[in-house]
Amino acid sequence: MNKIVGLKKLGLIIVCCFIIAVCVHYFLLGDPDNFMNNDPNNYPLPGNVLGTIYEGGITIPLIETLLFAVIVLSIERYFVFRFAFGKGSLINFVDQMKNALHAGDMKIAQELCDRQGGTVAHVLSSILKKYAELKCDCLLSENQKVSVILQELDDAIALELPHMKRNLSVIGIITVLGILTGGLGMFIGITRSFAALFSSGIAASMALSQGIAGTLINMALGILTGALAVIAYNYYTNKIDRFTYSLDEVAFFIVQTFTFYIDDPTSYKLIDIK
């Protein structure tokens with residue numbers, strides 16, 4: 001059976017995202033062209049979005065790290081699930097498998113698995129082969145044969161689910177960390193704003209506006225990161241549910257076909273898998 005392959009070195013991914021975030025922060029957002037007198041220590045040019053984001057403070061690279069991590073892990077999960085579901089529509093594949101099983105044609109069912117490819121098809125292919133072996137086994141009772149088929153399904157799902165769930169827990173954690181880090185940056189921005197209230201003059205008013213801008217930027221980026229993480233987590237969790245449901249659905253038809261064969265061997269024209 002083909003195994004699902006994904007990114008395993010999560011720590012290295014986070015470190016790379018942090019390095020990229022720092023480079024983006026200091027070389028893109030902190031570009032001198034974004035600030036008055038070409039000095040990042042000055043205030044950003046009026047209407048300059050990149051410079052304004054840079055003024056969000058030290059928490060911005062942390063939020064960017066989490067944001068990049070969500071994007072990278074979401075893309076990685078996309079390719080993993082694309083491989084798991086194989087070619088074409090999974091719904092159509094399940095329907096075709098059910099029709100083949102209802103007709104008792106195991107050869108067509110095997111051909112469908114070979115064409116579909118992916119983890120779902122490989123799991124079902126292993127169940128079909130186990131089905132062919134048990135059909136000719138005279139030592140096991142009927143109930144024992146059905147139990148063996150169901151156990152084959154459970155073992156296959158248990159083997160693949162950890163690979164499918166890999167890195168999803170990290171995305172789930174980022175849903176909270178993104179918002180909390182944005183809240184920390186907002187607190188720092190509010191503190192800067194209150195500090196500016198005790199001063200006077202143009203510099204104080206600009207510092208006040210800078211603190212308010214930092215507050216809003218941190219809040220916005222934190223919410224954006226958390227929202228993307230929530231969407232990705234729920235999307236791929238639903239994919240896992242579809243994965244297990246599809247396997248259970250087809251496996252039920254395999255067991256049903258096997259049971260009908262036992263009860264009435266002439267009711268189906270069963271073709272052995274070659």
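This is a predicted model: local features need pLDDT of at least 70, side-chain atom pairs count only at pLDDT 80 or more; totals for chains, interfaces and linings use all residues.
1. Asn-38 is situated in the loop that connects H1 and H2; helices here are DSSP runs of H or I with at least four residues, strands are runs of E with at least two, and numbering starts from the N terminus. Although Asn-38 is not a glycine, its phi is positive, at about 55 degrees. Most residues other than glycine have a negative phi.

2. Residues are numbered from 1 along each chain as its sequence is written, and side-chain values use heavy atoms, with hydrogens and water left out.

3. Asn-167 also calls for comment on its backbone. Its phi is positive, about 75 degrees, and Asn-167 is not a glycine. The residue belongs to the loop between helix H7 (142-165) and helix H8 (168-197). Asn-167 is buried because its relative accessible area is 7%; the classes are buried under 20% relative accessible area, exposed over 50%, and partly exposed in between, with a 1.4 Å probe and protein chains only.

4. The overall architecture is helical: the protein has nine helices and zero strands. Read from the N terminus, the order of elements is α-α-α-α-α-α-α-α-α. Of the 274 residues in the protein, 42% are buried. Where contacts (heavy atoms within 4.5 Å) link residues at least 6 apart in sequence, 76% of them join residues at least 24 apart.

5. The protein exposes about 14,600 Å², and carbon and sulfur atoms supply 66% of this area. Accessible areas come from the Shrake-Rupley method with a 1.4 Å probe, and for residues only the protein chains shown count as cover.

6. On the surface, a nonpolar patch consists of Val-15, Phe-18, Ile-19 and Leu-62, which together have about 340 Å² of accessible area. Patches are made of residues with over 30% relative accessible area and no salt bridge; like charges are joined within 9 Å, and nonpolar side chains (Val, Leu, Ile, Met, Phe, Trp, Tyr) within 5 Å. A salt bridge is a side-chain nitrogen of Lys or Arg within 4 Å of a carboxyl oxygen of Asp or Glu. Helix H1 (residues 10-29) contributes the largest share of the patch, three residues. Val-15 lies in helix H1 and counts as partly exposed because its relative accessibility is 44%.

7. Tyr-54 is part of helix H2 (residues 49-54). With 18% relative accessibility, Tyr-54 counts as buried. Leaving aside residues up to four places away in sequence, Tyr-54 touches His-25, Tyr-26, Leu-29, Gly-30, Phe-35 and Pro-40. The C-alpha atoms of Tyr-54 and Pro-40 are separated by 8.7 Å, with the two residues 14 apart along the chain.

8. Helix H3 (residues 59-85) packs with helix H6 (residues 118-135) at an angle of about 35 degrees, and their axes are 2 Å apart. The contact involves Phe-83, Ala-84 and Phe-85 from H3 and Gly-118, Thr-119 and Val-120 from H6. By class, this contact of H3 with H6 comprises four nonpolar, two polar and no charged residues. Axes are lines fitted to C-alpha atoms, for helices over the stretch in contact, and angles run from 0 to 180 degrees between N-to-C directions. Ala, Val, Leu, Ile, Met, Phe, Trp, Tyr, Cys and Pro count as nonpolar, Asp, Glu, Lys and Arg as charged, and the others, Gly among them, as polar.

9. His-122 is located in helix H6. Its relative accessibility is 27%, so His-122 counts as partly exposed. His-122 and Gly-86 are 36 residues apart along the chain, and their C-alpha atoms are separated by 9.5 Å.
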